[in-house]
Amino acid sequence: RIRARAMQVCQANPGQQYLANPYACDSTCNSFIQCAHGTGYLHRCAAGLRWRRTEFVCDWATSVACPN
């Protein structure tokens with residue numbers, strides 16, 4: 001189910017390689033989707049890190065504003 005949702009996100013955003021996970025259940029912003037050849041792969045940042053949408057990297061939680 002998660003793989004299917006990630007694939008839908010990639011197909012809805014052609015040309016994007018990294019996307020924030022719109023299906024995250026919380027506001028930690030620690031997961032993202034990597035798109036490769038139309039397939040979506042869910043990744044999580046290491047503990048204490050958040051996904052920085054503008055730079056496409058995991059960064060310290062204190063440095064990333066996480067939208068609710």
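Trainee: Let's start with the cysteines. How many disulfides does a search of the whole structure find?

Mentor: The general idea is that a disulfide is a covalent bond between the sulfur atoms of two cysteines. Here the search of the whole structure turns up two. One of them joins Cys10 to Cys35, with an S to S distance of 2.0 Å. Keep in mind that this is a predicted model.

Trainee: Which parts of the chain does the Cys10 and Cys35 pair link?

Mentor: Distant ones: Cys10 is in helix α1 (residues 2–12) and Cys35 is in strand β2 (residues 31–36), 25 residues apart.

Trainee: And why is that disulfide called left-handed?

Mentor: Look at the torsion about the S-S bond. For Cys10 and Cys35 it is about -90°, so the disulfide is left-handed.

Trainee: Are its two ends buried or exposed?

Mentor: Buried means under 20% relative accessible area. Cys10 has 6%, so it is buried, and Cys35, at 10% relative accessibility, counts as buried too.

Trainee: Now the other one. Where do Cys45 and Cys58 lie?

Mentor: Cys45 and Cys58 form a disulfide with their sulfur atoms 2.1 Å apart. Cys45 sits in the loop between β3 (39–44) and β4 (49–52), while Cys58 sits in strand β5 (residues 57–60), so the pair ties together parts 13 residues apart in sequence. The link of Cys45 and Cys58 is left-handed, with -75° about the S-S bond. As for accessibility, Cys45 counts as buried at 7%, whereas Cys58 counts as partly exposed at 31%.

Trainee: On to the rings. How many aromatic pairs does the structure hold?

Mentor: For rings, check the distance between centres and then the angle between planes. The structure holds three aromatic pairs. One of them is formed by Tyr18 and Trp51: 6.1 Å centre to centre, with 45° between the planes, which makes it tilted. Tyr18 belongs to strand β1 (residues 18–20) and Trp51 to strand β4, so this pair ties together parts 33 residues apart in sequence. Tyr18 counts as partly exposed, with 26% relative accessibility, but Trp51 is buried at 5%.

Trainee: Which residues do the ring pairs link into a cluster?

Mentor: Tyr18, Phe32 and Trp51.

Trainee: What makes up the largest nonpolar core?

Mentor: For a core, look for buried nonpolar residues joined through their side chains. The largest one here has six residues: Ala6, Val9, Cys10, Leu19, Ile33 and Cys35. The elements that give two or more residues to this core are α1 and β2, and α1 gives the most, with three.

Trainee: One polar case to finish. What does the side chain of Asp59 make a polar contact with?

Mentor: For a polar contact, look at which groups meet and how far apart they are. Asp59 lies in strand β5, and its side chain makes a polar contact with the side chain of Arg52 at 2.9 Å. Setting aside neighbours within four places in sequence, Asp59 is in contact with Gly48, Leu49, Arg50, Arg52 and Val64.

Definitions and conventions
Residues numbered from 1 in each chain as written. Predicted model: local features only at pLDDT ≥ 70, side-chain atom pairs only at ≥ 80, totals over all residues. Heavy atoms only, no water. Disulfide = S-S within 2.5 Å. Helix = DSSP H or I, 4+ residues; strand = E, 2+ residues; numbered from the N terminus. Buried < 20%, exposed > 50% of the residue type's maximum accessible area, 1.4 Å probe, protein only. Phe/Tyr/Trp six-rings, centres within 6.5 Å; stacked < 30°, edge-to-face > 60°. Core = buried A, V, L, I, M, F, W, Y, C linked by side-chain atoms within 4.5 Å. Polar contact = N/O pair within 3.5 Å; in protein donor to acceptor, adjacent residues only side chain to side chain. Contact = heavy atoms within 4.5 Å.
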